[in-house]
Amino acid sequence: MISNDMAWYMIIVSAVLINNIVLIRFLALCSFFGVSNKLETSIGMGMAVIFVMAIASSASWILWTYLLLPFKLEFLRTAAFILVIAALVQLIEMYLRKAMPALYQAMGIYLPLITTNCAVLAVAILIIDYNLGFLNSLIYTIAVAVGYTLAIILFAGIRERINIAPIPEFLKGYPIIFITASLMSMAFLGFSHLFGL
Amino acid sequence: MNKWNVFVNGIMKENPVLVLVIGLCPALAVSGSANDAFGMGIAATFVLIASNILISAVRKFTPDQIRIPIFIVIISTFVTIVDYTMHAADPVLYANLGVFVPLIVVNCIILGRAEAFAYRNDVLSSILDGIGMGIGFTLTLTVLGAVREIIGNGTITLLNYELLNLGEGFKPALMFIMPPGAFLVLGFLIALNRLLIKRKG
């Protein structure tokens, strides 16, 4: 999948398009379906995810490399990462509210939602599983988050259109949304094997 | 609510995946075959029942302000147990489920039941709730996996045993075991469940 000897632009193409976190890898679906009913909120959510993911996975990379690994505490990975991520999101929220009220206004309400966003923990675990170095893991994380943002913005555009379309009674709501996601996933599947990846 | 209602609630009327639409990530990601889906369901059910018991048992002296971190620590303990046990007992299944095993910790169903049920009810009800919700989750995943596998691969395997094989003559629609098939089949399952509930009144 992703490895240390891949060029940085290959990592980006792979994470954004070929292995899109939402449509191909099925992560962060709760927020993907929950927040995507308006274009504006999807953009806010996307930005918040990029921001939090970059900080959270850097923190967990450091925690893993300098604390858990040297002291042979690998079995604490799940517990340690989820606690660090939850605490970090709280911290970011408090800091933003005090220091950058404008930015907090724009994405503050999405921050608590991100704690339960499985993609944040998943990326923290994946960069460990792939054995990535710090720089590569940062590139990978940001690319994954950009892939999420791309998917949710495209999806919100389609959903705004679906709202005014005539839909058969029993497909209204979630069923039609899932079918739409299926079609989008099919479109993203078309990127597979791009550049021989 | 009597004990029987608590138990059957999770299977249809409040089915976590089909009605509450939570716990989607594992439901979609590992349902490429009935076998993987069933394994995931059992793993999540174990964590759900065990964490429900413990959270319900300590609810009287859990401080209200820090209950969520406490829930998370309890849940992640059981997830780590499942992680290591599965790694030893069924390495193939473990490899297929991949990152979704540690991700049980952020499964909304488990934290959701801890907060909404186990924290407010006695141990016995919490066990029943955990079993009911677990069966609802496992059943949905297995059905989803079986439908995808039969259309996409022409087989159904459960517990590493091939139950059904349509043979060489069947031309599988590969799309169903690939990502788009997961969204499509789940969409129609939700619609079907709605139709059934409406029929029953």
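**View 1. The lining of the second largest pocket, sorted by residue class.** In this predicted model, the residues that line the second largest pocket divide into 16 nonpolar, five polar and five charged, where Ala, Val, Leu, Ile, Met, Phe, Trp, Tyr, Cys and Pro count as nonpolar, Asp, Glu, Lys and Arg as charged, and the others, Gly among them, as polar. The space in this pocket is about 580 Å³, and of its 26 lining residues the closest to the centre are A:Arg25, B:Ala29, B:Asn96, B:Leu97 and B:Phe100. On a 1 Å grid over the protein atoms alone, a pocket is an open set of points with protein on both sides within 12 Å along at least five of seven lines, a cavity is a set where a 1.4 Å probe fits but cannot get out, and lining residues have an atom within 4 Å of a point. H5(B) gives the most to the pocket lining, with four residues.

**View 2. The largest cavity.** About 100 Å³ of space lies in the largest cavity, a volume being the space filled by probe spheres set on grid points that are joined across faces, edges and corners. Of the 15 residues that line the largest cavity, A:Cys118, B:Cys25, B:Pro26, B:Val106 and B:Asn107 are the closest to its centre. By class, this lining has 12 nonpolar, three polar and no charged residues.

**View 3. The second largest cavity.** This cavity holds about 60 Å³ of space, and its lining includes A:Ile2, A:Asn19, A:Arg25 and A:Tyr140. Helix H1 (8–18) and helix H8 (134–162) of chain A each supply at least two residues of the lining, helices being DSSP runs (H or I, at least four residues) numbered from the N terminus.

**View 4. The interface of chain B and chain A.** Here 33 residues of chain B are in contact (heavy atoms within 4.5 Å) with 36 residues of chain A. The two chains bury about 3100 Å² between them, 83% of it on carbon and sulfur atoms, where buried area is the accessible area (1.4 Å probe) that two parts lose on being put together, summed over both. B:Cys25, B:Val106 and B:Phe183 supply 20% of the area that chain B buries against chain A, more than any other three residues.

**Notes on the model.** Residues are numbered from 1 along each chain as its sequence is written, and chains are lettered from A and ligands numbered from 1 in the order in which they are written. Local features need pLDDT of at least 70, side-chain atom pairs count only at pLDDT 80 or more, and totals for chains, interfaces and linings use all residues, while side-chain values use heavy atoms, with hydrogens and water left out.
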